[in-house]
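Morning, everyone. Please have a look at it first.

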Amino acid sequence: MGMLVDGQWQDVWYDTESTGGSFKRESARFRNWVTADGAPGPEGEGGFAAEAGRYHLYVSLACPWAHRTLIMRALKGLEDAIDVSVVSPIMLANGWTFNRDEGSTGDALAGRDFHYQVYTDAAPDYTGRVTVPVLWDKQRNTIVSNESSEIIRMLNSAFDGITGNKDDYYPQALREDIERWNERIYPRVNNGVYRAGFATSQAAYEEAYAEVFAELDALDAHLAKQRFLVGDQLTEADIRLFTTLIRFDAVYHGHFKCNRQRLEDYAHLPGYVRDIFQLPGVSETVDFDHIKTHYYASHGTINPTGVVPLGPDIDFTRPHHRG
Ligand SMILES: N[C@@H](CCC(=O)N[C@@H](CS)C(=O)NCC(=O)O)C(=O)O
């Protein structure tokens with residue numbers, strides 16, 4: 001684990017001292033948008049037109065934020081248009097690496113050894129964290145975006161003219177509702193489990209734990225009444241929730257100490273997770289080997305032995321009874 005300072009890699013763990021033991025996630029720095037015609041998006045510069053084969057995704061199969069982009073890529077039929085490099089699940093002193101012996105595909109574009117080199121190639125004096133996912137432009141040789149919430153919106157619509165897939169996971173009529181769920185679920189669930197797991201004070205951990213389970217309780221009650229978060233249609237809000245829920249019992253329950261109960265112990269959330277898992281293309285994006293290896297073998301401050309647990313054994317292919 002580490003970060004870049006003026007383009008130089010430094011091996012440092014998250015600073016929670018200045019925040020009373022609380023984990024604060026840094027904002028992403030590359031915020032351009034791929035659009036159908038290359039017009040500028042909501043922020044950043046223009047000139048990133050949608051084209052088959054032009055863009056590349058750098059992902060970790062362990063990371064819930066990167067996972068969002070792989071699900072959207074699958075649902076939108078973008079596998080042929082956007083290729084992918086997968087980092088090693090083990091993230092230690094050099095950060096994310098392309099070590100093939102550990103399960104990385106290698107860097108398909110430039111054969112780099114380390115993911116931080118993707119950042120320094122785009123911005124030689126970059127200062128900040130080196131995260132996945134990254135959407136890379138092979139034409140301009142730079143990073144378009146390293147913000148998953150924005151990458152999934154680009155994938156949702158910018159390439160429709162190329163693929164002919166017009167499925168819309170952020171439909172105009174539902175946007176307000178989707179945003180409302182995102183705004184609750186990001187701090188309390190997606191990042192909530194990290195705030196519990198990376199807390200270095202009892203108080204910060206307990207606060208995060210309470211929020212995680214209060215929100216999961218509310219979600220379970222909500223999903224008793226309808227199939228997906230905003231109705232009977234899958235949206236980006238579900239995709240964003242799913243990537244945390246699918247990891248819950250395997251890593252957040254044990255490793256991040258979110259252990260009031262397992263996700264499987266809820267009445268409706270397990271069926272909801274299986275429903276999404278069983279959508280065409282989604283199960284192929286879920287890799288529990290990378291997921292468990294990453295968390296248990298990379299966070300030396302939490303699990304110094306690096307031993308990876310064998311369980312739990314959950315069958316996500318059993319019927320979900322939600323259709
Ligand atoms: N805002 C980013 C956050 C991504 C993120 O934090 N990814 C984690 C992996 S799960 C990472 O790469 N962390 C490395 C680090 O913080 O040094 C997004 O949603 O795209």
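Helices and strands here are DSSP runs, numbered from the N terminus: helices are H or I with at least four residues, strands are E with at least two. With that in place, Val132 sits in the loop between strand 5 and strand 6. I will come back to that loop.

Some ground rules. The model is predicted, so local features need pLDDT of at least 70, side-chain atom pairs count only at pLDDT 80 or more, and totals for chains, interfaces and linings use all residues. Residues are numbered from 1 along each chain as its sequence is written.

Start with strand 3, residues 55-59. Is strand 3 enclosed or open? Enclosed, largely: 5 of its 5 residues are buried, so the rest of the structure surrounds most of it. Buried means 20 or more other C-beta atoms within 10 Å of the residue's own; exposed means 12 or fewer; partly exposed is in between; and C-beta atoms are placed from the backbone. In a regular strand, side chains alternate between the two faces of the sheet. Both faces of strand 3 are covered. Tyr55, Leu57 and Val59 are buried on one side, His56 and Tyr58 on the other.

Now its partners. Two strands pair if DSSP finds at least two bridges between them. Tyr58 has Val134 as its bridge partner in strand 6. With strand 4, residues 83-86, strand 3 pairs in the parallel sense, over 4 bridges. There, Val59 is bridged to Val86.

Next, the hairpin. Strand 6 also pairs with strand 7, antiparallel, over 3 bridges. Asp137 in this pair is bridged to Thr142 of strand 7. The hairpin has 4 residues between its strands, and Asn141 takes a positive phi near 50 degrees there. Asn141 is not a glycine. Asn141 is exposed, with 11 other C-beta atoms within 10 Å.

Lys257 is another non-glycine with a positive phi, about 60 degrees. Lys257 lies in the loop between helix 8 and helix 9, residues 269-277. With 16 other C-beta atoms within 10 Å, Lys257 is partly exposed.

Val132 is buried, with 25 other C-beta atoms within 10 Å. Which peptide bond at Val132 is cis? The one to Pro133, with omega about 0 degrees. Pro133 belongs to that loop too. A cis bond also runs from Gly311 to Pro312, with omega near -5 degrees. Pro312 is in the segment after helix 10, residues 288-298.

Strand 1, residues 3-5, is joined to strand 2 by 3 bridges. Leu4 stands opposite Trp9 of strand 2.

On to the ligand. Around it are 15 residues, and Cys63, Trp65, Arg129, Thr131 and Ser148 come nearest. A residue counts as near if its C-beta atom, placed from the backbone, lies within 6 Å. The shell divides into 7 nonpolar, 5 polar and 3 charged residues. For those classes, Ala, Val, Leu, Ile, Met, Phe, Trp, Tyr, Cys and Pro are nonpolar, Asp, Glu, Lys and Arg are charged, and the others, Gly among them, are polar.

Last, the core. A nonpolar core is a set of buried Ala, Val, Leu, Ile, Met, Phe, Trp, Tyr and Cys residues joined through C-beta atoms within 7 Å. The largest one has 85 residues, and Ala196 and Leu269 touch the most other members. Helix 8, residues 236-252, gives the largest share, 9 residues. Domain 1 (3-163) and domain 2 (172-279) each supply at least three residues to this core. Those domain bounds come from an automatic or database assignment.
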